[in-house]
Structure formats: C-alpha cells, structure tokens
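Trainee: I would like to go through the terms used for this model and see what backs each one.
Mentor: Fine. Here it is.

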Amino acid sequence: MVENYAILPCNGLDKCAGVISREIAIKLCENPKNEIICPVYYRVAEAKYNKIAGKHPLLVIDGCQTRCASKLSAEKNLKISRQVTITEEAKKHKIELGSNLRLLENENALIEIIQNGLNNTEVKVTQSSVETSFLVKFEYETYQNGKFIFRVPKNQEVWFNENDCWVYVIGNRARIGVTDFVQQNLSDILYFTPPEIGAEIDQFGEVGEIESSKSVFELISPVSGKVISINETIVQQPELINENPYESGWIAELELTDFESDKELLIGFDKYFEIVKNKVKDVNG
Amino acid sequence: MSETTFMGVERDKIDWKPTIDYTKCDYCMECVKFCPHKVFEVRETEDIKLIIRNANNCVVFCRACSKICGPDALSFPDKNATTQRIREIRKEMESNG
C-alpha cells in the first residue's frame with residue numbers, strides 16, 4: 001500500500017461479505033505498520049481507536065451495501081481516506097459469493113484480488129492536468145427559498161443533466177460536478193467515493209458517489225468519456241462540495257468521447273434554472 | 001412539475017424503476033425510508049409486503065436505493081438501453097413536429 005492505514009472492517013459475522021472484510025483486514029495487518037480497528041470493541045474503547053485513527057489515514061472495508069463500517073466512521077467523525085465494499089468488488093470481478101460463512105475458493109480468490117489491489121496499486125489520483133484551462137470563478141444566478149440559496153452558473157460552457165450534475169466543457173475536456181440542489185438536499189457531505197482514473201464512463205453512467213448522514217447520491221455523468229483526474233482535495237475534504245460544488249468542490253475531469261452527441265441530452269442554464277426552481281418548490285413547498 | 005417529463009419526454013414513456021427480487025428481499029424497508037419520492041409502498045397485512053407503487057416518481061437513472069439495499073434485492077434497467085430509447089422518442093417527437 002502507498003500509505004499505512006488504520007483499517008476498519010465491517011466484520012459482520014453473519015454474512016459472507018462481512019467475513020471477507022474481516023479476513024482482508026487481518027491479512028493487511030500482517031504488515032505491522034497497519035493497525036486494525038475492531039468495530040465491536042470500538043463501542044467501548046473509543047479512546048484507543050480514536051488514537052489509531054488519528055495516526056494513520058483510514059481504510060474502511062464494508063461488507064455489503066448497508067455499509068455499517070462507513071456509518072460507524074461517520075458516527076465517530078473519522079475521515080475516510082479509502083473505502084471498498086466487498087459486494088461491489090465481487091460484482092466488478094464477476095465473482096459469485098456463497099451464503100456459506102466459511103471462506104471457500106471464490107471467496108479466497110476475491111480476498112487475494114482485493115488485497116493485491118490495496119497492496120500494489122498506486123493511488124491513481126492526480127490533480128487536474130489542465131487546471132489552468134478551467135475558470136475557477138463562475139457567474140451565478142441565485143434562487144432563494146426560505147433559508148436555502150441555490151446558485152446556478154450562467155456560463156455558456158456549462159451544461160446540466162436533469163439529474164442535477166453539471167459539466168464544464170473546454171475543447172475535448174470536461175470538468176464535472178453536482179449542483180447546489182444536490183449538496184443542499186444531502187446536507188453535510190461526509191465522504192466522496194471517486195471514480196477510477198482511466199475508467200470509461202458512458203453518458204448517464206455512474207461517476208462516483210457522495211454520501212451524507214442523510215443520504216447517498218450516485219453521480220450521474222452528464223457526458224461520456226475517460227476519467228483523467230479527480231479532485232484529490234475533496235477526497236480528504238468532502239465538505240468543500242457543500243461550500244461550493246461548482247468551484248473548489250468539482251468532482252472529476254474527463255476526456256470527452258462524443259460531446260456533440262451527448263449535448264443533445266443536456267440542457268443549458270435557462271432550462272436548468274427553471275427546473276431547479278420547480279424541484280426546490282416541490283421539496284420545500 | 002419537473003417530474004412529468006424527463007429530457008422533454010413524457011415520464012410515462014420511460015421504463016425506469018426498481019424491480020424487487022422477492023427471493024432476496026428481507027423486508028428491512030431501508031429502501032422505503034431512503035427514497036424521498038415515495039416509489040415504494042409498504043403493505044403490512046399482505047404476503048408481499050413491499051411493492052413499487054409510484055414507478056413514475058422514480059428519478060430516471062437514479063439507482064441509489066439499490067446501493068443501500070443490504071440483500072441486493074433491487075435492480076434497474078440497462079442505462080444505455082434507456083438512454084437510447086429516450087433518444088429515439090425525442091427523434092420521433094421531432095419528426096412529428
């Protein structure tokens with residue numbers, strides 16, 4: 001692994017995926033520089049594990065989509081540096097997990113893949129390679145409803161999908177993110193799961209996830225293309241998405257595949273501004 | 001209302017909703033608590049205690065409920081096929097004036 005981690009597995013013993021999370025944590029801790037956090041003992045030995053979590057970046061290994069380990073880390077105000085979900089990894093690698101709680105051939109194969117991935121893969125996070133090409137300040141139109149203020153950038157190069165994600169296009173490159181509507185609805189964003197660098201994304205394909213204590217939001221890419229960079233800063237400081245989802249809280253940059261075609265299913269400022277006003281009225285009354 | 005159309009296409013014409021695999025669903029009802037659009041309905045007194053009640057309320061391309069489903073009992077249509085269908089409908093609308 002690039003870094004030494006404090007490792008928090010879900011450790012759920014009544015599901016195969018939970019057992020796998022436990023096994024991976026044990027294997028990773030064969031490297032004495034890594035330290036394990038027991039989610040059960042954490043309930044009664046908070047000081048011990050807060051100290052460990054304070055020393056190292058936190059790797060969370062969730063078993064299933066219930067994501068108990070991620071929720072525990074949110075409850076304890078821990079910042080997640082890296083997160084994997086066993087059931088998602090199984091799907092990705094087309095490995096079927098059994099219902100047996102003993103680790104058999106498939107489960108051991110998956111453990112090896114995930115362990116190798118964590119041990120050997122450099123964290124492929126890069127800052128924007130074309131940062132200077134993208135404006136850092138937008139002009140906004142503002143809509144206020146009660147105490148909530150929603151801003152929408154007016155720049156012509158910025159497009160939206162109706163799933164409340166924006167794309168800022170320059171040439172064959174694009175920067176994407178979520179709109180104020182998303183961050184206001186999610187409230188305090190606790191973590192961001194980035195897309196993989198190099199991943200080929202279809203238009204309306206998933207391009208990461210952001211999660212708050214209230215909800216989880218799957219980012220639906222406005223454009224098709226290859227992920228060339230992610231915003232490394234928001235991995236560590238996801239609250240920047242709340243502060244400004246258009247500027248410091250951008251999500252990723254893509255090399256575009258076919259923007260002319262994608263554009264047919266995108267909308268500009270005027271239309272999105274009307275849509276967001278209606279959505280806000282629906283939600284807030 | 002923004003929900004009646006999606007990308008200019010009547011929502012009713014877009015097949016996008018979760019499908020519940022009742023062999024996996026354990027009726028934990030996390031999806032019901034999660035979805036703010038009232039797509040699901042709980043039927044306490046019935047054998048099948050959870051149904052898709054308001055399919056058209058489901059946000060097209062959103063699959064967030066399946067992400068929080070512990071037993072992995074919710075599935076969605078193929079996104080590319082849905083996108084393609086939306087494009088086709090829009091073309092039909094254009095050619096019909």
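**Contacts, sheet and burial**

Mentor: In this predicted model, 19 residues of chain B are in contact with 19 residues of chain A. Local features need pLDDT of at least 70, side-chain atom pairs count only at pLDDT 80 or more, and totals for chains, interfaces and linings use all residues. Residues are numbered from 1 along each chain as its sequence is written, while chains are lettered from A and ligands numbered from 1 in the order in which they are written.

Trainee: What makes two residues count as in contact?
Mentor: Their C-beta atoms, placed from the backbone, lie within 7 Å.

Trainee: Which element of chain B gives the most to the side that touches chain A?
Mentor: α3(B), with four residues. Helices are DSSP runs of H or I, at least four residues; strands are runs of E, at least two; both are numbered from the N terminus.

Trainee: Why are β7 and β11 of chain A said to stand at the edges?
Mentor: The open sheet has the order β7-β8-β9-β15-β14-β11 (chain A). β7 (158-160) and β11 (200-201) each have a single partner strand, so one side of each lacks a neighbour in the sheet.

Trainee: What makes β8 and β9 of chain A a pair?
Mentor: Pairing takes at least two DSSP bridges. Six bridges join β8 (residues 165-170) to β9 (residues 173-178) of chain A, so they pair, antiparallel. A:V169 stands opposite A:A174 in β9(A).

Trainee: How many residues does chain B have, and what share is buried?
Mentor: Chain B has 97 residues, and 24% count as buried. Buried requires 20 or more other C-beta atoms within 10 Å of the residue's own, with C-beta atoms placed from the backbone.

Technical notes
A residue is buried if 20 or more other C-beta atoms lie within 10 Å of its own, exposed if 12 or fewer, and partly exposed in between; C-beta atoms are placed from the backbone.
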